[in-house]
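Here are my notes for a first look at this structure. Keep the sequence and the 3D view side by side as you read.

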Amino acid sequence: MTVANSASISASIAGRYAQALFDIVKESGGIDRLASQTDELGVAIDDSAELRDLISSPIYSRSQQGEGIAAIAAKMGLEAPLANTLKLMAQNRRLFTLPQFVSRLKSLIANERGEVTADVVSAVALSDEQKKRLTDTLAEKSGKTVKLNARVDESLIGGMIVKLGSQMIDSSIRSKLASLQNVMKEVG
């Protein structure tokens, strides 16, 4: 099995759990609470090496994973549908798909709310005014509510790269210099 196949299988497994949880929570009208708890869970996965170890290491038994994820859910104050889904994933030895589960759940929630996420990489940190103008422009272009994920990459030299859905706009100086370099190679 190739890495691509295993990633695809993990995404498929995670997608089924995420869809089931989303449908249950949508019926009860708890999308906003689920959204905030999903964000918190995503941050916990990113910030905690111990949590990543618990969900991915085969040395933990099914019951150890179940007890661990139950304790984490209780400590985070996760509501019953999400906590129970995590326990079920542990029981079925599917916690390794938790990052994909969080990602798919965020996608389902955003789609339900009519939101789209724009990933912005800039050479310097954007001011609040710049973020607002960029958000407004992208919202006008897409017709949806836009959430920005902004990060800094000084290697861009200047400008920014904006990815909105499948579209990418690269106005970075690094990109323009690379393009100029290719043109000069063709001439020379």
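1. Is glutamate 154 buried or exposed? Glutamate 154 is exposed, at a relative accessible area of 65%. For reference, buried means under 20% relative accessible area, exposed over 50%, and partly exposed in between, using a 1.4 Å probe and protein chains only. You'll find glutamate 154 in the loop between E2 and E3. Its C-alpha is 7.5 Å from that of serine 122, although 32 residues separate glutamate 154 and serine 122 in sequence.

2. Some ground rules. This is a predicted model, where local features need pLDDT of at least 70 and side-chain atom pairs count only at pLDDT 80 or more, while totals for chains, interfaces and linings use all residues. Residues are numbered from 1 along each chain as its sequence is written, and side-chain values use heavy atoms, with hydrogens and water left out. Helices (H or I, at least four residues) and strands (E, at least two) are DSSP runs, numbered from the N terminus.

3. Now the sheet. There are 4 strands in an open sheet, ordered E2-E1-E3-E4, with mixed pairing; two strands count as paired if DSSP finds at least two bridges between them. E2 and strand E4 (167-170) are the edge strands, each pairing on one side only. From one strand to the next, the twist averages 15° (axes are lines fitted to C-alpha atoms, for helices over the stretch in contact, and angles run from 0 to 180 degrees between N-to-C directions).

4. Strand E1 (residues 115-122) runs parallel to strand E2 (residues 145-152), and 8 bridges join them. Within this pairing, serine 122 stands opposite valine 152 in E2. With strand E3 (residues 160-164), E1 pairs in the antiparallel sense over 5 bridges, and here aspartate 119 stands opposite lysine 163 in E3. Of the 8 residues of E1, 6 are buried, so E1 is largely enclosed by the rest of the structure.

5. Follow the chain from E1 through H7 to E2. Together E1, H7 and E2 make a right-handed β-α-β unit. A crossover is right-handed if, with the strands pointing away from the viewer, the path from the first strand over the helix to the second runs clockwise. Helix H7 (residues 128-142) holds both aspartate 136 and lysine 132, which are 4 residues apart, about one turn of the helix. Aspartate 136 and lysine 132 form a salt bridge, with the closest N and O atoms 3.0 Å apart. Aspartate 136 is partly exposed at 40% relative accessible area, and lysine 132 is partly exposed at 48%.

6. How many salt bridges does a search of the whole structure find? The search gives 6, where a salt bridge is a side-chain nitrogen of Lys or Arg within 4 Å of a carboxyl oxygen of Asp or Glu. One of them joins the side chains of arginine 113 and aspartate 32, at 2.7 Å from N to O. Arginine 113 sits in helix H6 (residues 98-113) and aspartate 32 in helix H2 (residues 31-47), so this pair ties together parts 81 residues apart in sequence. Arginine 113 is partly exposed at 33% relative accessible area, whereas aspartate 32 is exposed at 55%. There's a network here too, as salt bridges link Asp32, Arg113 and Glu115.

7. Look at aspartate 39 and lysine 106 as well. Their salt bridge has its closest N and O atoms 3.9 Å apart. Aspartate 39 is in helix H2 and lysine 106 in helix H6, so this pair ties together parts that are 67 residues apart in sequence. Aspartate 39 is partly exposed at 34% relative accessibility, and lysine 106 is partly exposed at 36%.

8. Last, the surface. Ile157, Ile173, Leu177, Leu180 and Met184 make a nonpolar surface patch of about 480 Å². Patches are made of residues with over 30% relative accessible area and no salt bridge, joining like charges within 9 Å and nonpolar side chains (Val, Leu, Ile, Met, Phe, Trp, Tyr) within 5 Å. Accessible areas come from the Shrake-Rupley method with a 1.4 Å probe, and for residues only the protein chains shown count as cover. Leucine 177 belongs to helix H8 (residues 173-187) and is partly exposed, at 45% relative accessible area.
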